[in-house]
Amino acid sequence: MHLKYKIAGGDFSNAGNAASSVKKILKQLNIAPLTAKRIVVALYEGEVNIVAHAWSGIINVTIDSERIAIVLDDAGPGISDIEQAMQEGFSTAGPRVREMGFGAGMGLPNMKKNTDSMTISSVPGRGTKVELVNYLDKNAY
Amino acid sequence: MNVGDIIKMLDASIVTGNDHILREVEYAFASDLMSDVLTLERDRILLITGLSNLQAVRTAEMSDINTIIVGRNKTISEDMIKVADENDIVMIQSAYSVFHIAGELFRAGIKPIY
């Protein structure tokens, strides 16, 4: 199954629509609740990152019987120092993002915690690509 | 303690989720920082917050949080109610501050997560 979502930078009223849609689909597919929660939390943080930092973005979600792969690809300012961005507490978010309850430098570390693998690549001035993979453990509950 | 008991204790009002008035509440977490809420592993908890916007409800949806109390009678918008209804989330509004709400619930035996 393949799903694609377009995300508009700065559009906080729609931030979370992609994660909400994926959550409903995972429920329909009877994915274990804890596995589904990890995936949607990581996806939601990633979606909020696009809205908060980028100009626009596309999220591609591929679900098969063994894993869920999510690619968040944005056009935006990019990340010049990914290692620094991964440190808890580091953020470049402005006041508007903080008013929304984000921007404390917790998003990327929490995405990593909730995924089995996470890869970030970025070209400053062009954009950022984050790839998330979660394996579907059939024994999970 | 259920949602109805909490509403009475906090002199609060239910904004949406009347069908879930008997929902039992065991654990609560208070935060205005949604990224912090999103790190919680426990679900079906109550969130006490002063942040009354759509992202607070979206965060509850993603975290499987089923009850939200908004302090200081902050306005709860129609958009928030719609997302709460879609996800069976009870929304409660209280005139008390987040500190006051948390104190009353703690005293009544609602457990903290940390």
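Two strands are taken to pair if DSSP finds at least two bridges between them, and the views of this predicted model begin with a sheet described in those terms.

**View 1. The open sheet of chain A has five strands with antiparallel pairing.** Read across the sheet, the strand order in chain A is β1-β2-β3-β5-β4. The edge strands, each of which pairs on one side only, are β1 (2–8) and β4 (117–123) of chain A. From one strand to the next, the twist averages 10°. Within this sheet, strand β2 (residues 56–63) and strand β3 (residues 67–75) of chain A are joined in the antiparallel sense by eight bridges, and A:N60 has A:V71 in β3(A) as its bridge partner.

**View 2. A:D11 occupies the loop between β1 and α1 of chain A.** A:D11 counts as exposed because 12 other C-beta atoms lie within 10 Å, and a residue with 12 or fewer falls in that class. For a sense of scale along the chain, A:D11 and A:V130 are 119 residues apart in sequence, and their C-alpha atoms are 20 Å apart in space.

**View 3. Chain A meets chain B through 19 residues of chain A in contact with 19 residues of chain B.** On the side of chain A that touches chain B, the elements that give two or more residues are α1 (17–28), α2 (33–53) and α5 (107–113) of chain A. The largest share of that side, five residues, comes from α2(A). By residue class, the side of chain A that touches chain B divides into ten nonpolar, six polar and three charged residues.

**View 4. Strand β4(B) pairs in the parallel sense with β3(B) and with β5(B).** Four bridges join β4(B) to strand β3 (residues 46–49) of chain B, and B:L47 has B:I68 of β4(B) as its bridge partner. The chain passes from β3(B) to β4(B) through helix α3 (residues 54–63) of chain B, in a β-α-β crossover that is right-handed. Four bridges also link β4(B) to strand β5 (residues 90–93) of chain B, where B:V70 stands opposite B:Q93. The path from β4(B) to β5(B) runs through α4(B), and this β-α-β crossover is right-handed.

**View 5. The residues B:T67, B:I68, B:I69 and B:V70 of β4(B) are all buried.** B:T67 and B:I69 point one way from the strand, whereas B:I68 and B:V70 point the other way. Leaving aside residues up to four places away in sequence, B:I69 touches B:A12, B:L46, B:I48, B:I92, B:S94 and B:I101. In soluble globular proteins, nonpolar side chains tend to be buried together. The largest nonpolar core here holds 67 residues, and those that touch the most other members are A:V40, A:L43, B:L47, B:V57, B:I68, B:I69 and B:M91. The element that gives the most to this core is α2(A), with eleven residues.

**View 6. B:R72 lies in the loop between β4 (67–70) and α4 (78–86) of chain B.** B:R72 is classed as partly exposed because 14 other C-beta atoms lie within 10 Å, a count in between the limits of 12 or fewer for exposed and 20 or more for buried. When residues up to four places away in sequence are not counted, B:R72 touches B:G50, B:A95 and B:S97. The C-alpha atoms of B:R72 and B:V3 are separated by 18 Å, and the two residues are 69 residues apart along the chain.

How values were computed: Residues numbered from 1 in each chain as written. Chains lettered and ligands numbered in written order. Predicted model: local features only at pLDDT ≥ 70, side-chain atom pairs only at ≥ 80, totals over all residues. Contact = placed C-beta atoms within 7 Å. Nonpolar A, V, L, I, M, F, W, Y, C, P; charged D, E, K, R; others polar. Right-handed = clockwise from strand over helix to strand, strands pointing away. Axes fitted to C-alpha atoms, helices over the stretch in contact; angles between N-to-C directions. Core = buried A, V, L, I, M, F, W, Y, C linked by C-beta atoms within 7 Å.
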